[in-house]
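Reader: Please take me through the salt bridges of this model. I would like a close look at the pairs and how exposed their partners are.

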Amino acid sequence: MEPNLDKEEFFRPSYIASAEPLQRTGPVSVEDLKTDLSGDFSLVSSDSDTSQPKGHIQVCLRIRPFTSLERENELQVCVSIEDSTSVILKPPQYSLSRLSEKTVGQKFTFSQVFAPETTQEEFFEGTMKQPVQDFLDGYNRLIFTYGVTNAGKTYTFQGTEDDIGILPRTMDMLFKSIQGRLYTAMDFKPHRCRDYIRLTRDQVKEETAIKNSILRLTKEVEEHFFLY
């Protein structure tokens with residue numbers, strides 16, 4: 001049944017303060033946001049130093065070990081490691097969905113291949129430690145995991161309480177690197193992408209009140225969650 005819009009008691013909340021578009025007071029400068037990324041995504045050039053792989057895209061492969069259930073079912077390995085950078089695909093002997101003839105025996109090359117027995121620490125040392133150090137030296141770095149469901153992305157990225165992944169190890173390395181160099185005052189606030197603003201005393205009080213409100217709300221939600 002459609003509501004009667006002519007009735008005075010019918011109220012529809014609106015968050016639009018005005019139907020008129022806001023007028024700009026002047027041109028908006030975005031020069032500080034522009035960045036030339038062509039060099040970051042180019043492969044090794046003729047005049048580059050190959051011993052310093054800054055700015056190159058690297059793709060690492062980590063092969064997940066079989067779970068206990070998979071071992072009980074005697075599943076067969078379909079990825080064969082040839083060397084530290086290459087793998088060869090081979091279909092399991094009794095696979096119902098065999099790989100195509102073009103794919104069988106085909107070699108795939110990566111920046112580095114990590115075997116199933118690779119530990120979390122070894123994987124971090126081989127993939128993340130140098131990019132994190134590059135970041136501390138002023139370079140931009142982006143890391144992400146990619147794979148099918150149940151491939152081990154969450155375990156690699158977050159890990160477990162007893163065997164943490166690359167994210168907590170990265171944060172640990174970052175915070176250890178800035179010990180003794182922290183600015184203890186709370187009068188700076190990030191602005192846009194690469195700038196900051198200095199807050200007045202009243203603004204600091206306002207930001208502190210907002211932060212305490214968020215923390216108090218978070219605590220209340222956690223207490224409510226554990227209560228039930």
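Author: **Salt bridges up close**

Asp187 and Arg198 join their side chains in a salt bridge, 3.3 Å from N to O. The term means a side-chain nitrogen of Lys or Arg within 4 Å of a carboxyl oxygen of Asp or Glu. Asp187 sits in the loop between α5 (166–177) and β6 (188–191), and Arg198 in strand β7 (residues 195–198), so the pair ties together parts 11 residues apart in sequence. Helices (H or I, at least four residues) and strands (E, at least two) are DSSP runs, numbered from the N terminus. Asp187 is buried, at 14% relative accessible area. Arg198 is exposed, at 55%. Buried means under 20% relative accessible area, exposed over 50%, and partly exposed in between, with a 1.4 Å probe and protein chains only.

The model is predicted: local features need pLDDT of at least 70, side-chain atom pairs count only at pLDDT 80 or more, and totals for chains, interfaces and linings use all residues. Residues are numbered from 1 along each chain as its sequence is written, and side-chain values use heavy atoms, with hydrogens and water left out.

Next comes Lys189. Its side chain meets that of Glu207 in a salt bridge of 2.9 Å, N to O. This pair links distant parts of the chain: Lys189 belongs to strand β6, Glu207 to helix α6 (residues 201–227), and 18 residues separate them. Lys189 is partly exposed, at 33% relative accessibility. Glu207 is partly exposed too, at 28%.

Lys129 pairs with Glu125 in a salt bridge, their closest N and O atoms 3.5 Å apart. Lys129 is partly exposed at 38%. Glu125 is partly exposed at 41%. The whole structure holds eight salt bridges.
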